Amino acid sequence: MNWNTALPLMVLGSSLLPGLMIFFLSEEHVVARTSLNLASAILKIVLIGGMFWGMLHGHHYESRLALLPGLDLVLRAGPLSMLFVLLSAGLWLVTTVYAIGYLEESPYRSRFFGFFSLCVTATVGIALAGNLMTFLVFYELLTLCTYPLIVHRGTEVARKAGRTYLIYTIFGGALLLLSSVWLYTLAGTLEFTDRGFLSGLDTSLHPTLILIFALLIAGLGVKAALFPLHGWLPLAMVAPAPVSALLHAVAVVKAGAFGIVRVVYDVYGIEFATDLGLTLPLAILASATIIYGSLRALFQDELKRRLAFSTVSQVSYIVLGIAVAGPVATIGGLIHLVHQGVQKITLFFCAGNLAETLGIHKISEMNGVAWRMPWTMAAFTIGAFGMIGAPPLAGFFSKWYLARGALDAEQDWVILILAGSSILNAAYFLPILYIAWFKKPPDSWPAERSFGRNETSWALLIPTVVTAMMTLALGLLASAPFSLLEWASQIVNRGFAQ
Amino acid sequence: MNGIVSGFLLVSALGLPLLLAFPPLHRRLPWPVHIALLPAIALVFIPVDLCIELPWFLLGTGLGLDAGSRWWLAISVMMWGVIAIFLLPPNGRNVHHPLTSLFLLSLTGQMGAVLATDMVSFFALSTLMGYACIGLLLADADETIRRAGRIYLVLLILADIILFEAMVMAEAISEDLGFATLARVISLSNSLDLYLSIVLVGFAFKVGLWPLHIWLPLAYATARPATALMLWVGPVATGLLGVLRCLPLGEVSAPMPGGALLFLGAVTILYVIFFCFKRAQRRQQPAYFATIVTGSFVMGLGAGLSDPALWSGYGDLAPIFVFTMGLVLAIMIVSFEWSMAKGEISGANKVDRTLLESWFEAFVHWGRRAGIDTLPDFRALWLARRDGLRQKRIWQRAFDAGEYFLQRWSFALTLFLLLVIVTVVLLFLDAAAVL
């Protein structure tokens with residue numbers, strides 16, 4: 001085993017081993033647990049940075065372990081996988097810092113951080129998966145690792161949310177397993193390949209391939225929260241704020257959306273999928289989810305629930321970008337994978353800050369809160385405007401490429417969906433900002449904790465401000481060298497015939 | 001001129017106000033808005049065209065200053081200077097004003113829009129300005145101004161969405177959103193009429209053209225002079241600059257949109273003169289004056305679109321016109337404030353209705369009476385409306401029920417899951433046999 005074959009395994013192990021070690025630490029070992037958490041998060045970023053640097057210099061990183069006869073567990077670094085792996089590793093670091101502050105005096109922290117690390121391991125495995133079987137293995141591992149985090153608080157509501165989550169995701173996983181096996185019987189391989197591996201199959205198999213595609217999308221759509229498979233997501237917001245951030249921005253919904261990208265690009269191939277007529281129904285489904293999620297968000301008074309429905313809507317932009325089936329729209333979808341993650345994690349951090357510092361859970365309790373917590377609400381404002389798609393924030397560029405791609409692909413109706421969605425986004429985010437910045441604050445807050453001269457704990461505030469700054473930087477420096485846009489363009493060029 | 005110096009001035013004209021918008025920075029400085037204006041003042045007095053490319057910024061952009069935009073910059077600097085004086089409290093050096101950050105963000109956006117050389121950066125910076133202006137309106141204690149802010153917010157969102165579509169369309173046509181080439185390429189496109197319509201509707205929302213101007217008099221009713229001046233130099237004048245930049249004026253003859261603009265401009269002016277101006281409060285009169293200026297400008301644009309030769313001959317006067325009118329408006333607002341402070345005039349100005357207005361109201365009153373008399377159950381209309389509202393609630397309940405059903409459907413899902421697992425096992429066996 002040389003460096004090039006070992007590095008993907010090391011990236012995986014950098015969170016797996018510390019995660020397993022954390023399980024054995026008692027509650028009192030705060031320093032050891034915190035050090036392990038932070039060291040592993042930093043080590044992972046360093047290893048991924050090294051892998052990225054090597055890729056730029058022509059190195060090829062692939063680890064292959066025998067899993068079943070004819071089916072290997074493959075971890076491979078490619079442009080698309082690096083996009084997702086960098087996103088998850090980067091956001092994991094800030095979420096870890098946040099979680100350390102958030103759970104400062106909570107019980108069962110070792111259990112929490114153990115599963116937290118395993119979740120990131122599973123996400124990295126999903127990102128680096130070189131075939132559908134590897135993807136499936138880590139996809140299911142992610143389901144099992146996130147369940148304990150959702151039920152972490154142990155309340156009846158949390159357990160109920162956990163049960164719902166399990167039912168949905170195991171159902172999705174079973175569909176994914178079924179369709180993967182079926183696909184294997186037809187194609188004899190599940191290796192992810194640029195422009196897919198199915199276009200050479202006999203035309204008589206096309207109806208079967210369409211059915212398998214529907215099963216794959218249904219299986220992945222559960223985690224991607226595609227309508228009507230999204231029911232678990234708003235319930236899962238009972239979890240602690242770092243878990244919500246993990247579910248909505250780093251791991252779970254992103255794994256579903258990423259899986260759809262993989263299926264469309266590396267299993268079917270975008271051109272073959274379009275020839276089979278699969279992309280238009282997918283685009284319609286994504287559009288329905290975008291509008292439905294936004295409409296549902298409008299009626300929620302609970303802040304995290306509103307954000308959860310917003311995720312239902314926003315994640316479908318990624319699917320829409322892929323389904324519009326043009327290079328420019330695909331760039332829009334891919335950059336939204338990152339943009340949505342950064343923006344949504346900011347919003348969930350802010351929701352967590354409000355809950356932890358002032359006991360605020362509902363929007364109706366947020367009157368004038370910006371004057372009590374200006375940094376948190378400034379970050380929330382940036383995240384919210386990013387979600388609306390206001391320039392020059394990150395979300396604007398996602399919408400720009402989606403709309404531009406829709407015009408290129410002669411699917412003008414998508415622009416109407418984007419316009420409608422932007423109006424709805426504004427309708428459910430701007431009232432929050434109005435209430436927070438322009439209403440008179442109450443005499444007392446529901447459950448205020450004092451942090452001296454600071455508005456809240458530094459461990460909660462710094463990750464929030466950092467992710468808000470990332471939202472701003474991703475927009476302002478959109479065309480800088482080595483930018484996300486450049487990277488997404490490279491990925492797309494591999495997927496489309498020149 | 002040295003490229004580094006000009007680049008520094010152009011970037012700092014935006015960067016300095018943006019930096020000073022952070023409260024910890026401007027709290028420590030005397031006259032922060034005036035300090036923020038220094039690079040822009042220097043730019044006004046540099047008599048050469050300047051340009052800097054920023055390929056890494058947004059979608060690849062640049063900042064520049066030519067003869068036309070220098071007039072715009074001059075009026076902006078003058079207006080912001082006066083605004084900053086009104087921001088100062090009477091005791092002089094205690095300079096922190098709670099809304100200074102929002103003023104400085106508005107200034108950044110407005111200056112940036114003037115200096116922008118492409119559509120995306122213009123859009124981005126004018127949006128920053130627009131939302132900061134809304135913040136200023138909503139922060140006001142007066143409910144009328146807050147209402148104006150809410151109305152403007154809705155109009156701004158709609159305007160931004162419409163202009164977003166226009167930009168996407170322009171990029172699809174020209175691949176380059178720089179103002180230098182945009183007009184020429186757009187004028188050759190088959191989609192010219194659609195593009196013109198979208199741009200004009202978008203900017204009509206943005207600048208408050210009749211009949212979308214209602215927020216402006218509301219905002220002026222009790223606005224502080226600083227806010228009143230800012231509303232002119234910000235949303236209105238910058239919107240006019242935007243429409244000037246985005247239209248292919250002098251390049252193409254478009255009689256239909258041109259005629260529509262001429263009509264709309266004329267209607268705006270007549271409406272304001274006959275219906276609004278006389279009965280307006282003194283504080284509102286500058287708002288109506290601004291609306292008349294907008295109407296006149298729109299008529300000029302209409303003439304330019306109808307006859308490109310006319311625009312080629314007189315188009316350069318547009319910035320001078322805006323500069324002059326801005327000056328008049330500033331004098332108007334300052335003199336009103338001065339007179340009111342001295343007690344020579346009051347803010348209110350109750351004037352009898354005009355004849356035309358009385359006729360119109362009588363007509364509406366007669367129509368209402370006729371309707372209720374002939375249809376005693378006219379109130380059914382209200383009931384129907386209420387039903388409509390109830391329908392919304394039914395929809396909401398339907399959504400809730402749907403999700404509840406999906407969440408409770410665990411038994412059926414589990415059965416289905418078992419079925420799936422059995423199928424998978426069978427398929428595995430089958431696959432093993434085949435392979």
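Guide: In this predicted model, α16(A) passes α18(A) in a left-handed crossing. Helix α16 covers residues 374–388 of chain A, and helix α18 covers residues 413–438 of chain A. Their axes come within 9 Å and cross at roughly 165°. Angles over 145 degrees count as roughly antiparallel, and α16(A) and α18(A) are therefore roughly antiparallel to each other.

From α16(A), the contact takes in M377(A), T381(A), A384(A), M387(A) and I388(A). From α18(A), the residues are S422(A), N425(A), A426(A), F429(A), I432(A), L433(A), A436(A) and W437(A). By class, the contact of α16(A) with α18(A) has ten nonpolar residues, three polar and no charged.

The UniProt record, an unreviewed entry, places the feature "domain: NADH:quinone oxidoreductase/Mrp antiporter transmembrane" at residues 129–422 of chain A. In the model, that span is 76% helix and 0% strand.

Helix α1 (residues 3–23) of chain A packs against helix α4 (residues 109–128) of chain A at an angle of about 165°, with the axes 7 Å apart. That makes α1(A) roughly antiparallel to α4(A). The crossing of α1(A) past α4(A) is left-handed. On the α1(A) side, the contact residues include P8(A), V11(A), L12(A) and F23(A); on the α4(A) side, they include F113(A), G114(A), V124(A) and L128(A). The contact of α1(A) with α4(A) divides into twelve nonpolar, seven polar and no charged residues.

Strands come next. In chain A, strand β1 (residues 62–68) and strand β2 (residues 71–76) pair in the antiparallel sense over six bridges. L65(A) stands opposite L73(A) in β2(A). Two residues lie between the strands of this hairpin, in which G70(A) takes a positive phi near 85°.

Chain B has a hairpin as well, formed by β1(B) and β2(B). Strand β1 (residues 50–54) of chain B is joined by five bridges to strand β2 (residues 61–65) of chain B, and the two run antiparallel. L50(B) is opposite L65(B) in β2(B). Here six residues lie between the strands, and L58(B) takes a positive phi near 50°.

Conventions. Residues are numbered from 1 along each chain as its sequence is written. Chains are lettered from A and ligands numbered from 1 in the order in which they are written. This is a predicted model: local features need pLDDT of at least 70, side-chain atom pairs count only at pLDDT 80 or more; totals for chains, interfaces and linings use all residues. Axes are lines fitted to C-alpha atoms, for helices over the stretch in contact, and angles run from 0 to 180 degrees between N-to-C directions. Helices (H or I, at least four residues) and strands (E, at least two) are DSSP runs, numbered from the N terminus. Angles under 35 degrees count as roughly parallel, over 145 as roughly antiparallel, 65 to 115 as roughly perpendicular and the rest as oblique. A crossing is left-handed if the near helix is turned anticlockwise from the far one by less than a right angle, and right-handed if clockwise. Two residues are in contact if their C-beta atoms, placed from the backbone, lie within 7 Å. Ala, Val, Leu, Ile, Met, Phe, Trp, Tyr, Cys and Pro count as nonpolar, Asp, Glu, Lys and Arg as charged, and the others, Gly among them, as polar. UniProt positions are given in the numbering used here, feature names are shortened, and annotations may be inferred rather than shown by experiment. Two strands pair if DSSP finds at least two bridges between them.
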